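Subject: Structure handover

Hello,

Here is the structure you asked to take over. My notes follow it.

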Amino acid sequence: MEKITESKLNPEKELKRNLCVHHEEKLLLFCKEDRKVICWLCERSQEHHGHHTFPAEEVVKECQEKLQAALERLRKEQQKAEKLEADIREERTSWKFQIQTERQRIWTEFDQLRNILDSEEQRELQELEGEEKRILDSLAEAEAELAQQNQLVKELISDLEHRRKWSTVDLLQDMSGIMKWSEIWTLKKPKTVSKRLKSVFHAPDLSTMLRTYRELTRVQCYWVDITLNPINLNLSLVLSEDQRKVLSVPIWPVKCTNYGILGSQYFSSGKHYWEIDVSQKTAWILGVYCRTRFRNIKFGVRQGTVHQNVYSRYRPQCGYWVIGLQNKFEYKAFEESSTSHPRVLTISMAVPPHRVGVFLDYDAGIVSFFNVTNHGSLIYKFSKCCFSHTAYPYFNPWNCPGPIILCPPCS
């Protein structure tokens with residue numbers, strides 16, 4: 001394009017360029033093999049014998065069309081590059097803002113933690129000062145009472161010593177009763193004060209709490225939106241319209257102990273996390289179900305029959321990696337056993353979980369349960385799980401009032 005512009009500005013120079021340097025004839029032909037512009041005499045020379053030649057105007061037109069197409073394509077590529085560059089700048093600005101927002105949030109959170117610690121420190125110190133005042137006041141009162149008694153006994157001793165110098169007649173005629181009082185007087189001991197403080201402050205293990213919470217936030221990165229599967233729903237279960245809440249309503253004369261329901265989502269690889277609100281429940285079973293080759297025990301207990309153990313199905317051999325709550329306060333984990341019944345482990349819970357997090361690492365064979373209510377402390381962990389098929393979230397509201405509620409991500 002620059003050469004074309006230059007030729008328009010310098011016509012005389014361009015005229016000379018259009019003549020053959022060997023024959024001074026106009027350059028009207030184009031040799032395809034040598035890719036040169038030649039004159040008609042050059043075409044007949046031995047140098048270009050047998051070569052394919054074309055009128056230069058046709059070749060120029062074709063070249064200009066190719067140039068134009070190349071220009072248009074490159075301009076489009078330039079526009080794409082500029083757009084991508086602008087997108088990257090915008091993304092960088094967005095990331096900077098996001099990082100700064102998170103940095104500010106971290107500062108704010110830790111400032112609040114420091115304020116809480118400072119407030120708790122002041123409260124503990126005030127309680128200690130109050131206890132110090134009570135103890136010292138009590139000791140001061142006891143000291144004053146002892147000083148008063150000491151003064152009284154000193155006066156009695158002085159009076160008795162003075163009477164020892166009296167005459168026999170005066171001593172016998174003394175009817176003041178001081179002798180009798182001196183004989184019965186005894187020291188009144190003050191109330192004893194405990195040598196130990198009522199309460200000794202013990203700082204919580206914040207590093208462990210933060211580490212535990214960090215583990216929870218790590219698995220929460222894999223939070224998936226789980227809904228309940230209405231297919232094959234037990235007739236004693238009521239499912240909400242958004243398929244996030246399930247409630248057991250035993251209305252049938254046939255007593256059934258299988259209140260289980262699966263999630264609509266299923267997994268055959270990767271890491272996945274979900275949370276369940278069980279704050280209104282007094283019994284539940286939660287975890288992961290995966291169909292196994294082992295024939296599952298069927299439950300449909302009718303009135304008049306007694307099953308030895310309604311929890312027999314809940315073990316890894318039958319495809320269940322679950323924990324549960326029984327009788328309001330008994331938390332259990334159902335492990336593998338060599339017998340027909342699971343090995344039921346009692347779980348100690350410092351804070352009853354109102355919200356339980358379930359983490360599935362399918363490839364690593366891990367199912368973990370977290371007490372979200374207690375800073376994300378680990379409730380129980382199944383390791384070396386053998387998932388032979390797709391794994392499903394499993395929920396069992398059991399036959400007690402109150403719903404199980406699936407929490408949406410980051411709620």
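A disulfide is a pair of cysteine sulfur atoms within 2.5 Å. By that rule, the structure holds zero disulfides. This is a predicted model, in which local features need pLDDT of at least 70 and side-chain atom pairs count only at pLDDT 80 or more, while totals for chains, interfaces and linings use all residues. Residues are numbered from 1 along each chain as its sequence is written, and side-chain values use heavy atoms, with hydrogens and water left out.

Cysteines

The sulfur of Cys 42 has its closest cysteine sulfur in Cys 39, at 3.5 Å, which is too far for a bond. Cys 42 is buried, at 7% relative accessible area (buried means under 20%, exposed over 50%, partly exposed in between, with a 1.4 Å probe and protein chains only). Cys 385 is in no disulfide either, the nearest cysteine sulfur being that of Cys 386, 7.6 Å away. Cys 385 is buried too, at 9%.

Coiled-coil spans

An unreviewed UniProt entry lists residues 60-94 and 125-159 as "coiled-coil region"; UniProt positions are in the numbering used here, feature names are shortened, and annotations may be inferred rather than shown by experiment. In the model, residues 60-94 are 100% helix and 0% strand, with end C-alpha atoms 49 Å apart. Residues 125-159 are likewise 100% helix and 0% strand, and their end C-alpha atoms lie 50 Å apart. Helices (H or I, at least four residues) and strands (E, at least two) are DSSP runs, numbered from the N terminus.

The sheet

Seven strands form an open antiparallel sheet, in the order S4-S5-S16-S7-S12-S13-S14; two strands pair if DSSP finds at least two bridges between them. Its edge strands, each pairing on one side only, are S4 (237-239) and S14 (377-382). Neighbouring strands are turned by 20° against each other on average, direction ignored (axes are lines fitted to C-alpha atoms, for helices over the stretch in contact, and angles run from 0 to 180 degrees between N-to-C directions). S4 and S5 (residues 245-248) pair over three bridges, and Leu 239 stands opposite Val 246 in S5.

Ser 248

Ser 248 is found in S5 and counts as buried at 6% relative accessibility. Its side chain reaches the backbone oxygen of Trp 398 at 2.5 Å and that of Cys 400 at 3.3 Å. Leaving aside neighbours within four places in sequence, Ser 248 is in contact (heavy atoms within 4.5 Å) with residues including Leu 237, Tyr 259 and Pro 397.

Regards

Terms used:
Polar contact = N/O pair within 3.5 Å; in protein donor to acceptor, adjacent residues only side chain to side chain.
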